[in-house]
Amino acid sequence: MTFIPSEIAVEARNIVKRFDGDVAVDGIDLSIPRGSIFGILGPNGAGKTTTLRMLLGIIDPDEGERFLLGSPDPISRAHKVGYLPEERGLYQSMKAFDAIAFMGALRGLPLALGRERGRQMMENHGLGDAADKQIRQLSKGMAQTVQLLGTIVHEPDLIILDEPFSGLDALNQGKLERLIRAQADKGVTVIFSTHVIAHAERLCEEIAIVAHGKIPFMGKVSTARDRLRPQVHLETRNLDGPWRSAIPADCQPLGHNWHFALPESGVEPLLRALIEGDAGIQSLSIERPGLHDAFVSIAGEAVAKKMEEDAAQDQAAEAA
Amino acid sequence: MRETIRASFVIARRDFTAIIFSKSFFIFLAGPLFPLIIAIAAGGLGKQVNQDIDRPIIGVALNANETAAIVAAREKLVANLGKNGVPELLQLNGVDPDDPDIASQLDKAVRPLTAILSGSLENPRLTGSEQDVRRWQGRMALLSETALSRPEPVEVEAQVVASTGSATKRNRLATAQGGQIILILLTMILAGMVLSNLVEEKTNKIIEILAAAIPMDAIFLGKLFAMLGMAIVGITVWATLGFVGLSLVSSGMPNLPPPAVGWPLFCVLMILYFSMAYLLLGSLFLGIGAMAATVREVQTLSMPVTMGQLLVFFLAAYSVTKLGEPVEWAAVLIPFSSPFAMIARAAQMDNLWQHGVALIWQAMFTLIIIRFSVMLFRRNVMKSGNSGAKKGFLARLRS
């Protein structure tokens with residue numbers, strides 16, 4: 001019998017999924033602690049959705065094991081899980097509050113209670129007037145909100161959101177971020193996939209980077225960023241002098257500006273050398289690398305570029 | 001199991017209310033107009049079965065010489081009138097031609113007799129039900145005249161009895177045929193609707209929410225039972241309207257020939273076998289329909305599926321007169337034709353245990369089909385990034 005520590009919400013061990021001989025997920029390991037906001041970061045086609053579907057029990061892995069809230073049978077934990085798929089959908093003829101109640105009922109919430117909560121939640125989100133409207137009568141944004149409320153109406157312990165920001169305008173993205181934080185504040189584990197680094201950087205404590213069906217990095221956001229040295233941006237009055245020995249030899253100035261990784265010896269020896277060597281410091285800043293830089297260094301330029309293209313496509317679709 | 005039943009109920013409730021409270025349900029209720037037309041068109045099949053049912057056999061209780069003469073006379077007449085024009089004759093050995101209790105021989109013969117010709121060729125007597133005697137009196141006179149080789153007419157005395165084994169058998173066959181046709185028509189118009197039942201979830205992209213929340217078996221079961229519930233509501237409405245209509249145009253319900261198991265049990269079995277026929281064909285259609293990605297694909301599939309249904313129905317209809325023969329056993333054992341064959345048995349045979357076995361057999365196959373459909377659906381349709389949906393129907397089946 002496999003032991004899964006109670007502080008782990010989701011565990012995957014070497015899970016593999018093939019479709020028609022093509023490997024979609026290639027031996028992924030995941031361990032997601034309870035109560036955290038966890039981001040799965042990668043471009044479209046990297047294997048994020050397939051991984052989430054396997055974790056949820058929608059499809060079974062060809063190899064490996066997965067545990068959802070301690071169980072190898074994810075569907076048996078469905079009443080404690082909320083799931084928002086990438087492809088949003090609701091029954092068009094259902095009334096909005098009924099759609100929320102139905103999604104709760106699927107996961108074991110009594111229908112009457114679901115209806116009551118559905119109305120209340122819509123009221124709280126400023127959609128009280130739309131509660132009795134059919135889904136087909138709602139705007140796209142309102143329908144997405146209804147589906148999101150349906151995902152959490154049964155007060156789950158774990159929420160899994162597949163590309164939740166995709167298709168949302170900036171206002172609704174902000175609302176969603178606040179909702180995710182509010183759920184995490186209540187102790188709920190939130191896992192979401194995204195191809196927008198900024199969302200992961202703002203929300204997540206931990207991330208997994210997915211590329212080509214594998215996970216080249218999993219851990220804290222700060223750990224990913226710490227893999228790169230801080231970047232020094234320096235402007236000097238002089239272009240030469242004894243202080244040059246403190247700057248990496250391959251660093252060339254752009255006018256009077258220098259950009260280089262902070263030497264391993266740290267800030268103090270660098271500052272001392274610049275001052276004592278009469279560099280004539282005009283400005284100096286030391287920047288910690290962002291998650292984007294870390295992503296590029298971990299997943300590679302090509303994957304990062306693909307992800308930027310996906311994000312741009314999303315924006316174009318939203319604008320359209 | 002408990003969770004599957006609970007989840008099935010959630011799905012069934014949603015589907016049932018969505019259908020019942022839709023405007024299109026009223027159009028559905030107008031549906032019996034179509035089966036009426038089909039029933040008229042299906043008269044050809046009924047006629048064939050009627051010919052099988054209506055194979056009259058006249059027992060002959062004459063002395064040896066006269067028996068030989070009437071058999072020879074029949075051969076002559078068959079050559080002129082054809083087989084259907086002259087009833088088959090069965091010689092009743094050891095029966096006194098003047099037996100006053102000749103009617104008792106009607107149910108004793110090795111084959112069910114329509115009537116018995118006794119007495120002599122000069123003064124023949126035909127014993128049977130009023131309807132049969134009236135029908136065959138003229139032919140028996142012609143046979144006697146031919147056997148005697150004389151032009152003077154022979155008068156056949158009529159001896160009418162209240163009921164005969166042959167009449168009972170024929171009545172039960174009529175009930176079997178009627179029950180089977182009702183079952184076939186109801187299944188045909190209702191089970192096909194299940195074919196498109198998962199398309200709404202797939203086109204509205206709800207299927208993933210359902211698949212992540214409840215066992216896939218529960219989705220299939222819930223949908224099947226919702227449609228069954230809707231079908232039963234429809235049948236109840238139609239039956240009530242039919243009853244009211246009959247009451248208005250006539251003095252009440254027609255005096256239908258009773259089935260072997262009796263009317264109350266026959267009605268219960270009709271409901272049970274309809275449910276099983278519906279669940280069996282419905283689970284198959286749901287599985288096939290689940291593999292289709294678009295409404296167009298479902299429309300394309302509906303024709304071969306309807307033809308498949310017809311094959312099953314023809315097998316069951318053909319076997320109704322072949323009780324106990326291999327073809328009838330095949331219809332009983334093949335799960336899809338089993339409910340139709342069994343309702344025909346209920347009309348003709350009074351032993352009940354066979355219905356219990358048949359219902360278990362049919363229920364077992366329903367579950368097997370659902371499991372198999374779910375397995376195919378999970379393997380071929382629930383793929384990431386719509387890769388499953390982008391493939392053609394056959395490619396999805398093959399993969």
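How many helices and strands are there in chain B? Chain B has 17 helices and five strands. Keep in mind as you look through these views that the model is predicted.

**View 1. Chain B as a whole.** Chain B contains 399 residues, and buried residues make up 40% of them. Now take the contacts in chain B between residues at least 6 apart in sequence: 76% of these join residues at least 24 apart.

**View 2. Where chain B meets chain A.** Here 26 residues of chain A and 22 residues of chain B take part in the contact. On the chain B side, the elements that give two or more residues are α1 (2-20) and α9 (207-213). The largest share of that side, six residues, belongs to α9(B). Sorted by class, the side of chain B that touches chain A holds 12 nonpolar, five polar and five charged residues.

**View 3. An open sheet in chain A.** Six strands of chain A form this sheet, in the order β5-β6-β7-β3-β8-β9, and their pairing is mixed. Which strands stand at the edges? They are β5 and β9 of chain A; each has a single partner strand, so one side of each has no neighbour in the sheet. From one strand to the next, the twist averages 15°.

View 4. Strands β6 (residues 158-162) and β7 (residues 189-194) of chain A run parallel and are joined by five bridges. Look for L161(A), which stands opposite F192(A) in β7(A). Helix α4 (residues 140-152) of chain A lies across β5 and β6 of chain A, and runs at about 160° to β5(A). Helix α5 (residues 170-185) of chain A also packs on the sheet, where it touches β3 (37-41), β6 and β7 of chain A. The direction of α5(A) makes about 150° with that of β7(A).

**View 5. Two loop residues with a positive phi.** Most residues other than glycine have a negative phi. L69(A), however, has a positive phi, near 50°. You can find L69(A) in the loop between β4 (63-68) and β5 (81-84) of chain A. Is L69(A) buried or exposed? L69(A) counts as buried because it has 21 C-beta neighbours inside 10 Å, and the cut-off for buried is 20 or more. H212(A) also has a positive phi, near 55°, and sits in the loop between β8 (206-211) and β9 (214-220) of chain A. With 17 other C-beta atoms within 10 Å, H212(A) is partly exposed.

Note on methods
Residues are numbered from 1 along each chain as its sequence is written. Chains are lettered from A and ligands numbered from 1 in the order in which they are written. This is a predicted model: local features need pLDDT of at least 70, side-chain atom pairs count only at pLDDT 80 or more; totals for chains, interfaces and linings use all residues. Two residues are in contact if their C-beta atoms, placed from the backbone, lie within 7 Å. Helices (H or I, at least four residues) and strands (E, at least two) are DSSP runs, numbered from the N terminus. Ala, Val, Leu, Ile, Met, Phe, Trp, Tyr, Cys and Pro count as nonpolar, Asp, Glu, Lys and Arg as charged, and the others, Gly among them, as polar. A residue is buried if 20 or more other C-beta atoms lie within 10 Å of its own, exposed if 12 or fewer, and partly exposed in between; C-beta atoms are placed from the backbone. Two strands pair if DSSP finds at least two bridges between them. Axes are lines fitted to C-alpha atoms, for helices over the stretch in contact, and angles run from 0 to 180 degrees between N-to-C directions.
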